[in-house]
Amino acid sequence: MNLKRLIRLSHQLISFILPQSCFLCGDNSINCLCSACLAELPYQNLFKNIAVNNTQVIDIQAIFPYIFPIDKLIIAAKFHQNLAVLNLLGYLMAEHLRIENRPDVLIPVPLHSKRLRQRGYNQSLELAKRIAKKTGIPLAYKICKRVKETLPQTSLSAHQRQSNIVDAFQVLELKKSWRHVVLIDDVVTTGATVTELAKLFLNLGVPRVDVWCCASH
Ligand SMILES: [Zn+2]
């Protein structure tokens, strides 16, 4: 077991044993957010679509706008090993996503293996697990991978994001029965990442690709 993993496990153990406080307001709470903070989150499903090419469009649904305190929660879940917050976000997605057309499969946006080793988990996979569990929609997380070690999209302009992510993914396996694929991501801002991945599935003949994410602009 490496040191990072050991530190993460001990953090989890400590937060399990000691009384918890709300991550946002600091009040006593057995959950990572107290009921008041949970009730005050900016619940607002956002829908938008992005044209992938001349004929194909992907629909994007987010359960929150990417504003405070959602940005703070996502940063904690993604970069600060706060798995309790990550679990909560997955639970909220499972509860609040509006599923009108049930997809055949959920596919979390993969991390590059190096980033996965550093972080210890893929936040999109953890979100997808909660949604799969609640909805019963199958989850496939080994069928595509990130082959290019890209710069963090957050550090780049919209134009740079586009070129940074080109050829970043590879689809390893595709079931012929998949007619509708949903990609799961934590945040969609310019949409460059999910568009690049969606393009691969569309080009391989999947008729419909949509995106469900926790937050978006
Ligand atoms: Zn609170």
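What follows is a walk through the fold of this predicted model, from the whole chain down to a few single residues.

Two housekeeping points come before the tour. Because the model is predicted, local features need pLDDT of at least 70 and side-chain atom pairs count only at pLDDT 80 or more, while totals for chains, interfaces and linings use all residues. Residues are numbered from 1 along each chain as its sequence is written.

Let's start with the whole chain. The secondary structure of the protein chain comes to 8 helices and 7 strands, where helices (H or I, at least four residues) and strands (E, at least two) are DSSP runs numbered from the N terminus. The protein chain's radius of gyration is 17 Å, close to the 17 Å that the globule rule gives for 217 residues, so the chain is as compact as a globular protein of that length. (The radius is taken over C-alpha atoms, and the rule is 2.2 Å times the number of residues to the power 0.38.) Along the principal axes, the C-alpha atoms fill a box of roughly 55 × 40 × 35 Å.

Buried residues make up 34% of the 217 residues. A residue is buried if 20 or more other C-beta atoms lie within 10 Å of its own, exposed if 12 or fewer, and partly exposed in between, with C-beta atoms placed from the backbone. Among contacts between residues at least 6 apart in sequence, 69% join residues at least 24 apart; two residues are in contact if their C-beta atoms, placed from the backbone, lie within 7 Å.

Now to the helices. Two packed helices are described by the angle between their axes and the distance between the axes. Take H3 (residues 70-79) and H4 (residues 83-96): they pack at an angle of about 120°, with their axes 7 Å apart. Axes here are lines fitted to C-alpha atoms, for helices over the stretch in contact, and angles run from 0 to 180 degrees between N-to-C directions. H3 and H4 are therefore oblique to each other; angles under 35 degrees count as roughly parallel, over 145 as roughly antiparallel, 65 to 115 as roughly perpendicular and the rest as oblique. Their crossing is left-handed, meaning the near helix is turned anticlockwise from the far one by less than a right angle (clockwise would be right-handed).

On the H3 side of this contact sit Leu73, Ala76 and Ala77, and they meet Val85, Leu86 and Leu89 of H4. By class, that gives 6 nonpolar, no polar and no charged residues. (Ala, Val, Leu, Ile, Met, Phe, Trp, Tyr, Cys and Pro count as nonpolar, Asp, Glu, Lys and Arg as charged, and the others, Gly among them, as polar.) The buried residues of H3 are Ile70, Leu73, Ile74, Ala76, Ala77 and Lys78. What covers them includes strand E2 (57-65), H4, helix H6 (123-135), strand E6 (180-188) and strand E7 (208-216).

Next, look at H7 (residues 158-165) and H8 (residues 192-203), whose axes come within 9 Å and cross at roughly 35°. This crossing is right-handed. H7 brings Arg161, Gln162 and Ile165 to the contact, and H8 brings Ala192, Thr193 and Glu196.

The backbone has a few spots to check by eye. Most residues other than glycine have a negative phi, and most peptide bonds are trans. Phenylalanine 68 and proline 69 are joined by a cis peptide bond, with omega about -5°, and proline 69 is in the loop between E2 and H3. Just after H3, glutamine 81 takes a positive phi of about 60°. Glutamine 81 lies in the loop between H3 and H4 and is partly exposed, with 17 other C-beta atoms within 10 Å. Aspartate 167 also has a positive phi of about 60° although it is not a glycine. Aspartate 167 lies in the loop between H7 and strand E5 (169-171) and is exposed, with 10 other C-beta atoms within 10 Å.

Finally, go to valine 52, in the loop between strand E1 (46-51) and E2. With 19 C-beta neighbours inside 10 Å, valine 52 counts as partly exposed. Leaving aside neighbours within four places in sequence, valine 52 is in contact with Val57, Ile58, Thr195, Ala198, Lys199 and Leu202.
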